[in-house]
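Welcome! Here is a short tour of a structure that may be new to you. Please take a look at the sequence and the model, then read on.

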Amino acid sequence: GLPSSDRALDCHRSSAVLHYQGNVEAGKVVFFQIPVPPELAEVGRGTKRIVVSLATAPPVQKWGLGEYVGIKAQFRLFRGDVDPASAEAFMAIAEGANQRRPNVDDLDGQVGLTRRSVGTLQRESFVWSQHGRDYSTHPYLLGVALKPASWLQDGERVPLAVVVRIEEEAGQCTTLYSSVRAVVLAEVEARAQAQV
């Protein structure tokens, strides 16, 4: 098929799309807040879904193939009943380090962390049926880690794009889009006020 930005960014009453595009320093972990409204608890056991798509454009090695791509991207999604500080501590620990991880779980996706964490384009779908109101105590957190190759210069910035779609499949949560939109607009307004 042909790409369609209209279809990719389409929102309706029970579906919302959030997106980010910018440059992130390699070696850093960045967090994105995803407002998942508590109203999802009122629609019963229907399918709820968060789809995360991530794209990076890292520098590539010109002299060999050992570490061809300049960064390895990984992302994890944490539910809103997880303490944000615990999620940040979990993401801060390097893979394979002998440090004790905080007792916090990220959401299981359909593809799995190991399979999706290769390449510059990644996509994962997180599906659940029962939504407890406490799941939305805080915004969900999407943590994205950009692990640099050994040859990459310190401070190198890498283009990153993230698209997150939140949807309630049966269309019963008719306030999902408006709830997410209200949170995003309030955040934009608060940032604008802070810059004045």
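In this briefing, contact means heavy atoms within 4.5 Å. With that in mind, proline 139 touches Gln33, Ile34, Pro35 and Gly80, leaving aside residues up to four places away in sequence. The model is predicted: local features need pLDDT of at least 70, side-chain atom pairs count only at pLDDT 80 or more, and totals for chains, interfaces and linings use all residues. Residues are numbered from 1 along each chain as its sequence is written, and side-chain values use heavy atoms, with hydrogens and water left out.

**Overall picture**

- The protein has four helices and seven strands; helices (H or I, at least four residues) and strands (E, at least two) are DSSP runs, numbered from the N terminus.
- Along the sequence, these elements follow the pattern α-β-β-β-β-α-α-β-β-β-α.
- Of the 196 residues, 36% count as buried; buried means under 20% relative accessible area, exposed over 50%, and partly exposed in between, with a 1.4 Å probe and protein chains only.
- Among contacts between residues at least 6 apart in sequence, 80% join residues at least 24 apart.
- The protein exposes about 11,600 Å², and carbon and sulfur atoms supply 49% of that area. Accessible areas come from the Shrake-Rupley method with a 1.4 Å probe, and for residues only the protein chains shown count as cover.

**The four-stranded sheet**

- Four strands form an open sheet in the order E1-E7-E3-E5, with antiparallel pairing; two strands pair if DSSP finds at least two bridges between them.
- Its edge strands are E1 (15-25) and E5 (121-128), each pairing on one side only.
- E1 is joined to E7 (residues 157-168) by 11 bridges, and tyrosine 20 stands opposite valine 162 in E7.
- Nine bridges join E3 to E7, with alanine 55 and alanine 161 as bridge partners.
- E3 and E5 pair over eight bridges, and isoleucine 50 has phenylalanine 126 in E5 as its bridge partner.
- E3 is mostly covered, with seven of its nine residues buried.
- Helix H4 (residues 176-195) lies across E1 and E7, running at about 35° to E1. Axes are lines fitted to C-alpha atoms, for helices over the stretch in contact, and angles run from 0 to 180 degrees between N-to-C directions.

**Salt bridges**

- The structure holds seven salt bridges, each defined as a side-chain nitrogen of Lys or Arg within 4 Å of a carboxyl oxygen of Asp or Glu.
- Glutamate 167 forms a salt bridge with arginine 49, with the closest N and O atoms 3.1 Å apart. Glutamate 167 lies in strand E7 and arginine 49 in strand E3, so this pair ties together parts that are 118 residues apart in sequence.
- Arginine 49 is buried at 18% relative accessibility, and also forms a salt bridge with glutamate 169, the closest N and O atoms being 3.0 Å apart.
- Glutamate 169 is exposed, with a relative accessible area of 52%.
- Aspartate 106 forms a salt bridge with arginine 76, and their closest N and O atoms are 3.2 Å apart.
- Aspartate 106 is partly exposed at 21%, whereas arginine 76 is buried at 10% relative accessibility.

**A loop proline**

- Proline 139 lies in the loop between E5 and strand E6 (140-148), and is partly exposed at 33% relative accessibility.
- The C-alpha atoms of proline 139 and proline 37 are separated by 8.4 Å, although the two residues are 102 residues apart along the chain.
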